[in-house]
Each structure stands twice: as structure tokens, then as C-alpha cells.
Amino acid sequence: MRTDGIRAERTIAHMARLIRMDGSGHTTLAEWSAADERAVEAAVSAFRDQLDAGYYAVVNEGEGRARQVDELPLDAELVILRRPIAGG
Amino acid sequence: MSLGAPPDGPFRVERWPVGHPPAPLPETAAVYWRPRVDERGLRRRGRVWTLTTVAHTVPYGIASGVLLWLEPLTAPVVFALLAHAWVIPELYAKRGANVLRRRPRSGAGAERTALGLLGDLIGHEARALHARTGLVIERGALGVWLVGEAGAILVRLGGRRVHCWCVRAQDPSLPSADRIAHLLLALRSDEQGFATVANLAFSGARWRVRRRLPPALRPALDAAGAAARR
């Protein structure tokens, strides 16, 4: 039981997330790990849907850097979907 | 867990590896007629703003002096002219300070959730400053940025001049911290593109904007000024 618990924690720790910033703060649209093909497929599908809906995807890379992405980076920990910005 | 928080504080000078420039911000396509903002362009725009300020004030000053010399009884007119010379630059500075004006809050739950994400994106010092002022400080290649909900102020290296930009996420339902996170992520993705998309509201001396800011926000501008001098 104890071993299972540790394994479960590790699995959760390595789950990548696709989140969308929206009126609720943010919504988690997909979670995946590279080993789980079905979860990856679902994440890619959700990712494309959001891009089609006009969102942009960004991966924060630390040290004040972020990268705009057009394909779901499966190795990223967190992919954030944002709305376009414009001059006010 | 900190998601990409800088290891040695939020005010580090960031540099892109040679040969790996950031992909342009997609929003720049909507303002294709604007030249991409760069170091040289910023300097030029700063000089133009200074010249404009001089053009708005010096003629009034000269006219006041001449009138007073010709006829001391014109003192009331001279007073009005000098008031114009003072008010016009002040209005511009006020417009610059307004880019950091806070917007109405969303529901408490949404604000809390958004704040959690924003907190994960920034370092400890920036988090503390945000808690005090509602603004996020971020160092870029062009200077030190103060990012608000609907705009940002760029404090140029040296800390004396600021450029105030109006820019916002196109979703009015977003909680405050998410509005900032939108701008922050866009800024981090492509700093020059971010400045290109944004509308320049003011450029001038930092002290001119500072005294037009609400007192609660002034520590953030002071921190950005100090970081820009380092």
C-alpha cells in the first residue's frame, strides 16, 4: 500500500497541465504524461480546439522568459492559454 | 511550487542566446504598419516627447516674459499663460500614470485562483511587491517593466525616463491577476513585440509620473527605478 502511494504521488508530480486563463481564474483543460498516449491525444485535441477558438499558448521558461507555441510541447510542465492582447 | 521563478530574484538582466531570438508576438500582425520597437526607436520617441513638452511650455514662458516686459498690467494674462505651460505637461504625465490604474475586481474565488497562477510565474521579490502594490516588476532588455492590469510602465536603464504603455488582454471577464499574467507572458515571449502592440501614452521623466500615481503604487515605481539603476 505504501509503495502504491509513493508511485501515485510520483505520477501526479510528473503530470503536465494545459490550463486556460479565463473568468474563473484558470481552468485545467488537460493533464498528461508522455507515457499515457490517450491522455496525450486528449491534450493535443484540447490544445488545438483552444487555438482554433483564438487563444495563444505560452510556455513559461523561467528567468523572465516565455515561449509562444503552436504545437503542444509534450515535455513542458505547464502550458498556459491566453487571450490576445491589444493596445488600450 | 514555483513554475519558472527566477533562481536569483526577478530583476536579473535576461538575454536571449545568440541565434535564438524570440518568435514575434502574433498580435504584432494586427499593427503591421508600426515599426517594431527597439532600443533606437525608443530613444527617438523619448526625444520627440521631450521636444513636444518643450514646444508646449517654452512658447508660453517666452510670451509671458514679453507681455510682462511690455505691460505689467497684463499680469493676469501672464498668469493664465504660465498655468497653461504647467498644466499641459501635467496632463500628459497624468495620462501616463493612468496606465497603471486598477480595474474592478472579479469574484473573490476567481481572483484567488488567478493570484495563485501569477504567483507561480514570478519570483519572491516580485510577489511581495505585487502584494503591496498590485503591480508586477519584470526586468527586460529595454529596461525594467512595471506591469499592471491594463498597461505597463517601462523604466529605462538609468532610471530617469519612463515610457507608459496602454495594453490589455481582450477579455473583460478576467480577474485582476490574470490580466497581469496575460501581459507578463506576452512581455516575456517578445518584449519588443509587446511594446509594438501597446499604445504609448507618455514618455518623460520618472518623477513626473510618480507624483501623479496614487501613493500606494509609488513604491513599485521606486523599486523599478532602483532596479533600472543597477
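Here are some friendly notes on a predicted model, covering a sheet in chain A and a helix pair in chain B.

1. Local features need pLDDT of at least 70 and side-chain atom pairs count only at pLDDT 80 or more, while totals for chains, interfaces and linings use all residues. Residues are numbered from 1 along each chain as its sequence is written, chains are lettered from A and ligands numbered from 1 in the order written, and side-chain values use heavy atoms, leaving out hydrogens and water.

2. Chain A has an open, mixed sheet of five strands, ordered S2-S1-S5-S3-S4; strands are DSSP runs (E, at least two residues) numbered from the N terminus, and two of them pair if DSSP finds at least two bridges between them. S2 (25-32) and S4 (65-69) of chain A are the edges, each with a single partner strand, so one side of each has no neighbour in the sheet.

3. Strand S1 (residues 16-22) of chain A runs antiparallel to S2(A), joined by seven bridges. A:Ala16 has A:Trp32 as its bridge partner in S2(A).

4. Chain B also contributes here: H5(B) lies across S1, S2, S3, S4 and S5 of chain A, at about 90° to S4(A). Helices are DSSP runs (H or I, at least four residues); angles run from 0 to 180 degrees between N-to-C directions, with axes fitted to C-alpha atoms, for helices over the stretch in contact.

5. Helix H5 (residues 176-189) of chain B also packs with helix H3 (residues 108-121) of chain B, at about 25° with axes 7 Å apart. The two are therefore roughly parallel (under 35 degrees; over 145 is roughly antiparallel, 65 to 115 roughly perpendicular, the rest oblique).

Technical notes:
Contact means heavy atoms within 4.5 Å.
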